[in-house]
Number of protein chains: 2
Amino acid sequence: MLIVKKFGGSSVANKERVFNVARRIVEDYKEGHQVVVVLSAQGDTTDLLLEKAREINKNPSRREMDMFLSTGEQQSVALMAMALQSIGYPAISLNAYQVGMHTSSVYSNARLKRIDQERIMSELERNNIILVTGFQGINRYEDITTLGRGGSDTTAVALAAALKADRCEIYTDVEGVYTADPRVVPNARKLDEITYDEMLELASLGAKVLHNRSVELAKKYGVELVVRSSLSQAEGTIVKEECKMEKMLVSGVAADKNVARIAVIGIKDEPGKAFELFSLLAKKNINVDIILQSIGRGRSKDISFTTSRDNLEEALSIIHENLERISGERVEYDEQVAKVSVVGAGMASNSGVASLMFEALFDANINIKMISTSEIKISVLINEKDTEEAMNAIHESFKLFK
Amino acid sequence: MLIVKKFGGSSVANKERVFNVARRIVEDYKEGHQVVVVLSAQGDTTDLLLEKAREINKNPSRREMDMFLSTGEQQSVALMAMALQSIGYPAISLNAYQVGMHTSSVYSNARLKRIDQERIMSELERNNIILVTGFQGINRYEDITTLGRGGSDTTAVALAAALKADRCEIYTDVEGVYTADPRVVPNARKLDEITYDEMLELASLGAKVLHNRSVELAKKYGVELVVRSSLSQAEGTIVKEECKMEKMLVSGVAADKNVARIAVIGIKDEPGKAFELFSLLAKKNINVDIILQSIGRGRSKDISFTTSRDNLEEALSIIHENLERISGERVEYDEQVAKVSVVGAGMASNSGVASLMFEALFDANINIKMISTSEIKISVLINEKDTEEAMNAIHESFKLFK
């Protein structure tokens, strides 16, 4: 078997953890499997490098930033090769050049386009354990690019697809994907399986286990993922196209606190006004999530929407500058909100999910400010202070506990 | 003009120094010159990385070590590009892959073979200031190599030769090449010019200003070097083939304390015995410097030689193991010695130099243990404790002071 394993930065943060991961890597190698490992930079290396760069230049060029940050992963793979060699196993580290990890030219947020197989295959034939730098690539100018947040997950999935790996294991500091964040909902249950689509909704809802792009890529190329812990031997959660187990109504509850709500009051009830507002925001790359438009009261209507808190300030200033153009009267906003969602592939064919969720929140005396639904997801916007209570109430009412 | 500038690690050790170097780089660029800069890793980065690697593996593979260490220079050049951009100048960093810095395959001690010019030239045409990682290259497997001690000097000289640069400036923390180490001989004088050959003798004698390999390369390709300070505007010292100024008898005095003396007593006075001793040492890569053979007394002779103190232990054990084979009676050694040398291109045609040197040492009551001479150098081995006094006495007698 050819197995791709990915370990995050915290899994290799210090000497002890490096050797712990080295032993995990060796388990499969000893059984005769070919092993390709993707590593992130150690611990908070990337954050420290970011800080150092900002000390020199508050707004550094993205090309130089990628050149700078990519050293973190290179250090990580070289150290792991040394660790494996010290416990008696042949290993070789490869960076994005050496693998041939070709990406688009957009620095800091490049997309993987093509992965060469020659070097990796020839090193596998030499019986080497292969350590590949996550998060980075090279563009057509031979410059270093990085893949943006969650980039190492994406590297692992893309490698598994390119090499037609038999397994792709994503190691984290939790034992798998849970029905809810166990720190918030103590009796949350680990899922044995979850579909790509459910995982995508959970990831975008802030479950933080796998990055969206890696799940999209896994779905596109049919790469079966295993999410498991680097610290225990627990089985983990399998992410795949369809789950054989009986479809659960709801597979998880997630919360996202990086949310702010903006309302533009008194917009003229004319066609195109809403479009104008959102196209202004889109031009500045501000993503809008839930949108609610009031029914026109006479000649005006209100539009409210959510965006991430990071974007709040910029969004407000864009709207204020263009308030006349979009014919709004005034703007209101609220930062003390959170989005709580339930996700489940079984939801599409069952109409009772939304009402069960609303009932649970009503019973807990939690006010719902906005609602958004998709085929496999229902999200509500509530006051931030109610987040934990809401998650537990929903988790309870859907009987997700173990 | 195309100017290559090299700055060492201490010149870019922190934010303030990075910006100091950035301003030095810009001086020539503002006057319309093309500037290519070679940088070492910041401050003690390389030492810290070495320590980190040894924590993981006491005897790491050299390939992985090079992969690991080369990140230091890459961080350095990226940061400098950011610094230059922040003060308003266009800059781009390039690592060994991006330049095409081709070396032999020997990890940790590779030799530069060929430098591609396309990328650097095209970036120069775009008016960029170019920052190149020193100390590193790539071999024919596309693996990262490093050039060993003083590697960044070598990178700078090789680049200057390949690009046919008009000037190659090596910036250090001293103002140039001195007649002696100013910390030992307070009235040592900075030289305006020195020949490659003199510089080679001084470098190998421990003057620590330029690495030998870089001077050899400069001599081979006729690259005129300027050694100057990154902290002052002083003119520095020019290193070139022939100095126009009247040839000085002696241009400098240098001392090397990394010396040990070994004596093998009572070797049978038969042909080939000395050869056998030194070929045993050569096989273990132990360099031997001064060699003294006593005149055969009857049937036996003594051979004494110097080597670096790092090699003392290994050399002694090799000799002890083979004492019978080389027909020696016993071995003596002395670690409390130092080598003091005078260097000067004018020496070759003047026979009084040696006697002037010996007289100076005699007057200072310093005992000479061994003597070695070349065309442009005279070295003596003395007791280590006498080093400073010897240097000052010689410096004085040759009237090298300012």
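1. The largest nonpolar core has 233 residues, and A:M80 and B:M80 make the most contacts inside it. A nonpolar core here is a set of buried Ala, Val, Leu, Ile, Met, Phe, Trp, Tyr and Cys residues joined through C-beta atoms within 7 Å. A residue is buried if 20 or more other C-beta atoms lie within 10 Å of its own, exposed if 12 or fewer, and partly exposed in between, with C-beta atoms placed from the backbone. Leaving aside residues up to four places away in sequence, B:M80 touches B:V12, B:V18, B:V21, B:A22, B:L39, B:S93 and B:L131. Contact is taken to mean that the C-beta atoms of two residues, placed from the backbone, lie within 7 Å.

2. On the basis of the model: this is a predicted model, in which local features need pLDDT of at least 70 and side-chain atom pairs count only at pLDDT 80 or more, while totals for chains, interfaces and linings use all residues. Residues are numbered from 1 along each chain as its sequence is written, and chains are lettered from A and ligands numbered from 1 in the order in which they are written.

3. The interface joins 26 residues of chain A to 26 residues of chain B. On the chain A side, α1 (15-30), α2 (45-56), α3 (62-86) and α4 (96-99) each supply at least two residues that touch chain B. The most is given by α3(A), with 13 residues. By class, the side of chain A that touches chain B holds twelve nonpolar, nine polar and five charged residues. In this classification Ala, Val, Leu, Ile, Met, Phe, Trp, Tyr, Cys and Pro are nonpolar, Asp, Glu, Lys and Arg are charged, and the others, Gly among them, are polar. Helices (H or I, at least four residues) and strands (E, at least two) are DSSP runs, numbered from the N terminus.

4. Within chain A, α1(A) and α3(A) pack at an angle of about 65°, with their axes 9 Å apart. Axes are lines fitted to C-alpha atoms, for helices over the stretch in contact, and angles run from 0 to 180 degrees between N-to-C directions. The pair α1(A) and α3(A) is therefore roughly perpendicular, where 65 to 115 degrees counts as roughly perpendicular, under 35 as roughly parallel, over 145 as roughly antiparallel and the rest as oblique. Their crossing, that of α1(A) and α3(A), is right-handed; a crossing is right-handed if the near helix is turned clockwise from the far one by less than a right angle, and left-handed if anticlockwise. From α1(A), the residues A:V18, A:F19, A:V21, A:A22 and A:I25 meet A:L79, A:M80, A:A83 and A:L84 of α3(A). This contact of α1(A) with α3(A) comprises nine nonpolar, no polar and no charged residues.

5. In chain B, strand β1 (residues 2-7) contains B:F7, a buried residue with 28 other C-beta atoms within 10 Å. Not counting residues up to four places away in sequence, B:F7 touches B:V12, B:V21, B:V37, B:L39, B:Y171 and B:S230. B:F7 and B:D173 are 166 residues apart along the chain, and their C-alpha atoms are separated by 9.4 Å.

6. Helix α12 (residues 387-397) of chain B has B:A390, B:M391, B:N392, B:A393, B:I394 and B:H395 buried. These buried residues of α12(B) pack against β13 (252-256), β18 (337-343), α11 (352-363) and β20 (377-383) of chain B. B:K399, which follows α12(B), has a positive phi near 55°. In helix α8 (residues 212-221) of chain B, the buried residues are B:R213, B:S214, B:V215, B:L217 and B:A218. B:G222 follows α8(B) and has a positive phi near 65°.

7. A:S108, a residue other than glycine, has a positive phi near 70°; A:S108 lies in the loop between β4 (101-103) and β5 (112-115) of chain A. A:S108 is partly exposed, with 15 other C-beta atoms within 10 Å. A:N285, also other than glycine, has a positive phi near 60° and lies in the loop between α9 (273-283) and β15 (288-293) of chain A. A:N285 is exposed, with 8 other C-beta atoms within 10 Å.
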